[in-house]
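Here's a quick briefing to read with the model open in your viewer. Have a look at the fold before you start on the notes.

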Amino acid sequence: MAGRRAVSAAGADCFVMISGCSGGGKSTLLAELARRGFATVAEPGRRIIAEVRAGRAGALPWDDPAGFARHAIAMAVADHRAARGLTFFDRGVVDAAVALATTTAERADDLVARHRYDRLFLAPPWPDIYEQDADRRHGLATALADHDRVAAAYRAAGYDAIMLPRATVAERADFVLDRLGVQRPTDE
């Protein structure tokens, strides 16, 4: 069963994936975990869009979905390889592999198998907080379909998901840390 390595081993790598529905509060949760002093890795998709807008290489998902997905796979693999210790990821290799399979006939099963995460938390669809923005141009219906594909891909890859509650960001962060058995700082 994937995702059951103990978090308590001092200095050991423990990679925690926060995935799920677009607009479900993942990035906000990661920002809270970072504020509390934990290592986090921002979503590859948003970083790619920022790079393209800054004039660096990459592809925008609405202009070149396949190129975007390939770039997201490469970035997620590099993020995984660079991470050390307890690290929280906002989307990753599995999510990028789903995007690739959705936009092309290409599969990335070997990368998914080689770049594992120790725990998986899924943000459920939460229409009350869903918002479109300059980087999230798709509507809620697309977000829901993407969520279903991502959740199915994680199950197929052998992950046991822990669903995040619909709660405040602080409560969500506490929930994640409690499930991991990580002591929360006392000076919050």
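This is a predicted model: local features need pLDDT of at least 70, side-chain atom pairs count only at pLDDT 80 or more; totals for chains, interfaces and linings use all residues.

Residues are numbered from 1 along each chain as its sequence is written, and side-chain values use heavy atoms, leaving out hydrogens and water.

**Nonpolar cores**

- The largest nonpolar core has 32 residues; a core here is a set of buried Ala, Val, Leu, Ile, Met, Phe, Trp, Tyr and Cys residues joined through side-chain atoms within 4.5 Å.
- Inside that core, the residues with the most contacts are Ile73, Phe89, Val93, Tyr117 and Tyr154.
- Elements giving it two or more residues are β1 (14-20), α2, α3, α4 (93-103), α5, β4 and α6 (140-156), where helices (H or I, at least four residues) and strands (E, at least two) are DSSP runs numbered from the N terminus.
- Top contributor is α3, with seven residues.
- There's also a second, separate core of 18 residues, and Ile18, Leu33, Ile162 and Ala173 are among them.

**Helices α2 and α3**

- The axes of α2 (residues 44-53) and α3 (residues 65-82) come within 9 Å and cross at roughly 115°; axes are lines fitted to C-alpha atoms over the stretch in contact, with angles from 0 to 180 degrees between N-to-C directions.
- On the α2 side, Pro44, Gly45, Arg47, Ile48, Ile49 and Glu51 meet Phe68, His71, Ala72, Met75, Ala76 and Asp79 of α3, contact meaning heavy atoms within 4.5 Å.

**His115**

- You'll find His115 in the loop between α5 (109-114) and β4 (119-123).
- His115 is buried, at 5% relative accessible area (buried is under 20%, exposed over 50%, partly exposed in between, with a 1.4 Å probe and protein chains only).
- Its side chain makes a polar contact with the side chain of Arg81 at 3.5 Å (a pair of N or O atoms within 3.5 Å, one able to donate a hydrogen and the other to accept it; residues adjacent in sequence count only if both atoms are side-chain atoms).
- Beyond neighbours within four places in sequence, His115 touches Val77, His80, Arg81, Val93 and Tyr159.

**Arg179**

- Arg179 sits in helix α7 (residues 169-180) and is partly exposed, with a relative accessible area of 44%.
- Neighbours within four places in sequence aside, Arg179 is in contact with Arg119, Phe121 and Ile162.
- Arg179 and Arg119 are 60 residues apart in sequence and 9.7 Å apart in space, C-alpha to C-alpha.
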